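Here are a few friendly notes to read alongside the model. Keep the structure open and find each residue as you go.

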Amino acid sequence: MTRHGKGRAAVWTLAAALIPACWGASSPVMAAAPLSPVAQLGRQLFFDPGLSASGRQSCASCHDPANHYAPRNDLAVQMGGARLDNPGVRAVPTLTYKDEVPDFSATLENPDESASGPGGGYDWDGRMASVAVQSVSPLTTPFEMANPDIDSVRARVRRNPDYVRQFTGLFGQDVFATPRQVIQAMGTALAAFQHEDSSFHPYTSKYDYYTRGLATLTPQEQRGMALFNDADRANCASCHTAGIGPGKDGSTSVGQFTDFFFKDVGVPDNPQVRPPAGMGRYDMGLCGPLRTDLAPARDAANRRYCGLFMTPTLRNVATRHVFFHNGVLKSLRDVVAFYVTRDTDPTRWYGRQPDIRPDGTRPDGTRPGGALPYNGLPPDLRGNVDRDDMPFAAQKTGGQPILSEAEMDDLVAFLNTLTDGYKPATAQPK
């Protein structure tokens with residue numbers, strides 16, 4: 001069953017037309033408001049490596065503010081642990097533009113009136129219930145900041161007299177009574193920092209200025225935007241919507257470049273990234289290994305969730321160095337090419353499969369069952385990979401890609417307009 005369709009693109013087009021009216025055609029970027037005391041504490045915590053077991057890793061180590069709160073390096077996963085020698089499980093996502101994320105629901109309503117489906121929540125698998133919960137989870141994750149337990153975190157905080165003063169002043173004298181109270185206070189502070197500091201949601205890309213009437217897209221960028229929105233061609237807007245999405249608490253969300261839903265696009269396996277020992281061979285997103293409530297072992301019907309990962313925002317995507325949940329691709333141009341040629345040239349992305357010819361058939365001419373050669377999932381689950389939505393629906397092995405090389409370049413040019421920090425040209429004096 002197809003989740004997206006032309007209705008989504010129509011919503012995007014309508015919302016794009018309304019954005020200048022919502023923001024004001026000549027409204028300047030709003031000045032940053034001073035941070036509250038709780039958010040100031042959150043900022044201090046965010047940059048403090050002393051909260052990690054290694055003493056060398058802070059939130060900012062992986063979520064670098066110099067790269068829009070995403071990693072600045074090109075590692076598929078980041079290193080953590082007590083000696084910073086323990087590889088992570090998934091590529092580190094950006095922390096920007098999280099304010100509109102709805103709560104996770106297996107049946108989140110789709111605003112384009114197509115079928116509902118799993119959506120919302122935080123992290124690649126939506127298992128985190130809030131920014132606060134997500135922010136403190138690395139403190140005790142073995143491949144991240146690696147404290148053995150939350151009591152160890154409380155001890156680290158209590159060793160800092162400045163923290164003791166701030167925590168008791170902001171959260172009460174009994175905040176250190178239990179480790180859980182300290183962790184909850186830390187989550188509150190870290191979330192306040194991310195919500196209040198405009199650098200986490202600046203809306204200062206060229207695209208934003210364009211929607212305000214303060215910048216002009218080049219012909220190439222305009223062509224790329226048209227392809228992005230074309231439901232019969234690239235169809236990016238069906239998932240990375242710039243229009244109205246579910247929003248937080250049922251409110252509308254404009255310009256997030258994600259619909260907050262989960263999808264399996266057949267991401268190729270990355271042999272350099274594996275779940276921790278005992279968690280199985282494959283990373284199956286919603287149904288494991290890090291998320292356990294939707295595991296097939298609990299309910300066989302959960303098999304339909306295997307391989308589904310959160311649709312990430314495309315804001316600042318051009319500044320990323322690795323892509324997809326396993327960091328398997330290293331350039332934005334390759335990502336676009338993957339979407340366009342996944343099934344026309346599968347060996348380019350998945351390699352030669354055992355006993356499978358380059359055209360995807362067996363030596364006897366028959367086609368394997370399931371959805372081979374999508375090697376990011378076990379063979380019996382590869383039917384979860386999307387083959388119904390464009391551009392996948394138009395792809396046949398050995399066929400002509402739906403976009404030309406020049407059109408792929410146009411699409412990348414438009415995606416570059418989503419990078420924050422654009423400086424619009426000022427009016428020249430007469």
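**Notes on a helix and some cysteines**

1. Let's begin at the start of helix α6, where Asn-160 caps the N-terminal end: one of its side-chain oxygens sits 2.9 Å from the backbone nitrogen of Asp-162. Please keep in mind that this is a predicted model.

2. Now follow the helix itself, which spans residues 161-171 and has Tyr-163, Gln-166, Phe-167 and Thr-168 as its buried residues. In general, an α-helix has 3.6 residues a turn, so residues three or four places apart point the same way. The cover over the buried residues of α6 includes α2 (37-46), α5 (150-158) and α7 (179-196).

3. Just past the end of α6 comes Gly-172, with a positive phi of about 105 degrees.

4. Next, the cysteines. The count is one disulfide, and the bond joins Cys-287 to Cys-306 with an S to S distance of 2.1 Å. Both partners lie in the loop between β5 (262-263) and β6 (309-310), 19 residues apart.

5. Finally, look at Cys-59. Its sulfur is 8.9 Å from the closest cysteine sulfur, in Cys-62, which is too far for a bond. Cys-59 counts as buried at 15% relative accessibility. Cys-239 is also in no disulfide, with the nearest cysteine sulfur, in Cys-236, 9.2 Å away. Cys-239 is buried, with a relative accessible area of 8%.

Conventions
Residues are numbered from 1 along each chain as its sequence is written. This is a predicted model: local features need pLDDT of at least 70, side-chain atom pairs count only at pLDDT 80 or more; totals for chains, interfaces and linings use all residues. Side-chain values use heavy atoms; hydrogens and water are left out. Buried means under 20% relative accessible area, exposed over 50%, partly exposed in between (1.4 Å probe, protein chains only). Helices (H or I, at least four residues) and strands (E, at least two) are DSSP runs, numbered from the N terminus. Contact means heavy atoms within 4.5 Å. A polar contact is a pair of N or O atoms within 3.5 Å; within protein, one must be able to donate a hydrogen and the other to accept it, and residues adjacent in sequence count only if both atoms are side-chain atoms. A disulfide is a pair of cysteine sulfur atoms within 2.5 Å.
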